[in-house]
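Dear colleague,

Please find below the structure for your review.

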Amino acid sequence: MFPSHPFAGTASGHPGVRAATLGTLCTLTALALTACGGSDSSAPVASQPLAQACPSYRTATLPHGATITRTELRAAEGLLPEVCIVRGEIVSSPQSTIHWAVELPAGTVWNGKTLTVGGGAFDGFIPTDDPWYQHIIGASAHTYVKMSSDSGHLAPGFAWGASDVALRNHAFDANHFVLEVGTAIAADFYGKRPARRYHIGHSNGGRSALAATQNYPKDYDGVVAMEPAISQQAHQTNLGPTVLRHIFSKPENWLSPAKIALYAKAETQACDGLDGLKDGIIGNVAACTYVPTELLCKGADNDSCLTAGQIESVRLIYASKDVPVTLSQGARGYPGFGRGGAATSDWEAYVFGPSFEARDSFNYMAVSAAARLVEGNPAADLLQHDPTRYQAPYLRLANMIDATNPDISAFADNGGKLLIWYGMGDACVSVYRTAEYLDSVRQRLGASKVQGFARMLTSPSNGHNLDGPGTDPVSIDLLAAMDAWVERGTAPDRLVATRYEPADPRAGQQTPVLQRPVCEYPKFPRYDGKGDPAKAESFSCSAV
Ligand SMILES: [Ca+2]
């Protein structure tokens, strides 16, 4: 069973071999592995240096039919410590294999807890293998045992969604299975069961964090959902026939990067001061109702003006949609996007794309991928697609994927904590949809109960790509805030975000240039009218 392991069958007793030997005495769950392992006095694998322990590490029978395919040692780099990466798979069906990875730091580094890292888009990659995901989960993440998966497929796009098993894995089962696999491996590797288990994810990974609270409420002590894409089918059915069809129906409606910059400057000029300080950050998003009529081209179209069709594109970005397709929880429609996204990279990345002809904005590609799936036509395109004709297949997808069940009482009653963060200018998935969802949770469970275990925090002038003229979302360290809440009962009500120069850590040594409080939605940082505008203490969280 462990042919390549140097310790297999030796008296030194590799814990994996030990657990296999004791398999007839113990139920091979993660808990029982710990109970069995704990009774054995031999040293855990992690008492050896990783370079020695990792190459041939194997463990006993894993839950959910998981098998280890290989291990690799990843050297320390930057904030990332040296880890032993255990890779494996769970073959759920011919249509869905979950590829997973568990990252094990040295025993002297491990903080005794696990962190499930969610993916993004339609997944199909292992997030912990991607430096961006390792960056956005925050500096405190790197002492955890991290685990993640491709969510059950490696294929790009959404064609795999025809399989119910693949859908279910992607929606919530893959993370649940891998959590139990990773917990068993950690218990074996370190000789003790993880004390806490957290989930952090962004976009679809934020959705999977919320899906866990709804489907496997005892899995996590806390989940951090960054800009969660909780209503993906509402996104697909509502954006296609409205804003995206308008933008991509003719070049005169499409905004080039230069025109996006023109609009962003004008919107910032109009709305910047509504939060009490002209600092390039649109804090008071709710009060910003700017319409760029003065930018209307008087003569020929050029980069210093907007056509009527382009002004209509801007209006549609902010407008609520109400395409008559009813989805899970009776949901219909999709809110507009929050102000401030034009000054981030979001409008180009998610709405307009780099060129009109390529039609390769993320939203265009995502809506088209869903249209192709529900039509069963790989050539389907949103310009012709009528989602109202595909109510049933969209509902099927929504019932599985959308994380909009307001009854998360089991998660709360198990002691779980929920921390949502959103950049107000997100132009991929609307901040207002998640705000609506949290309202539905309050209606179901009562506002005071929800305040005891959940927060939705926002930062202005950040988008889905986490950039923009606002502060750096990664500087908040949402995971550290969650851990303080779970371990010490300190609710995340006084968090501070920092802006650095340069904004990109890869561009060189970063210097902090300003800080702002991170406010609970719908409050925003309002300048007190006095005090250093670079300091968070000069701002108050205000609803007006
Ligand atoms: Ca401002």
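Two residues are taken to be in contact when their C-beta atoms, placed from the backbone, lie within 7 Å. Please bear in mind that this is a predicted model.

I begin with helix 12 (residues 391-401). Its buried residues are Tyr394, Leu397, Ala398 and Ile401. Seen down the axis of helix 12, these buried residues fall within an arc of 100°, so they line one face of the helix. They pack against helix 5 (164-190), helix 7 and helix 11 (362-375).

On the side of helix 7, the contact is made by Gln232, Gln233 and Thr237, and on the side of helix 12 by Tyr394, Leu397, Ala398 and Ile401. By class, the residues of this contact comprise 4 nonpolar, 3 polar and no charged.

Helix 7 also meets helix 11: their axes come within 10 Å and cross at roughly 125°. The crossing of helix 7 and helix 11 is left-handed. Helix 7 contributes Gln236, Leu239, Gly240, Leu244 and Phe248 to the contact, while helix 11 contributes Asn363, Tyr364, Ala366, Val367, Ala370 and Ala371. The residues of the contact of helix 7 with helix 11 divide into 8 nonpolar, 3 polar and no charged.

With kind regards

Conventions: Residues are numbered from 1 along each chain as its sequence is written. This is a predicted model: local features need pLDDT of at least 70, side-chain atom pairs count only at pLDDT 80 or more; totals for chains, interfaces and linings use all residues. Axes are lines fitted to C-alpha atoms, for helices over the stretch in contact, and angles run from 0 to 180 degrees between N-to-C directions. Helices (H or I, at least four residues) and strands (E, at least two) are DSSP runs, numbered from the N terminus. Ala, Val, Leu, Ile, Met, Phe, Trp, Tyr, Cys and Pro count as nonpolar, Asp, Glu, Lys and Arg as charged, and the others, Gly among them, as polar. A residue is buried if 20 or more other C-beta atoms lie within 10 Å of its own, exposed if 12 or fewer, and partly exposed in between; C-beta atoms are placed from the backbone. The arc is that of the directions from the helix axis to the C-beta atoms. A crossing is left-handed if the near helix is turned anticlockwise from the far one by less than a right angle, and right-handed if clockwise.
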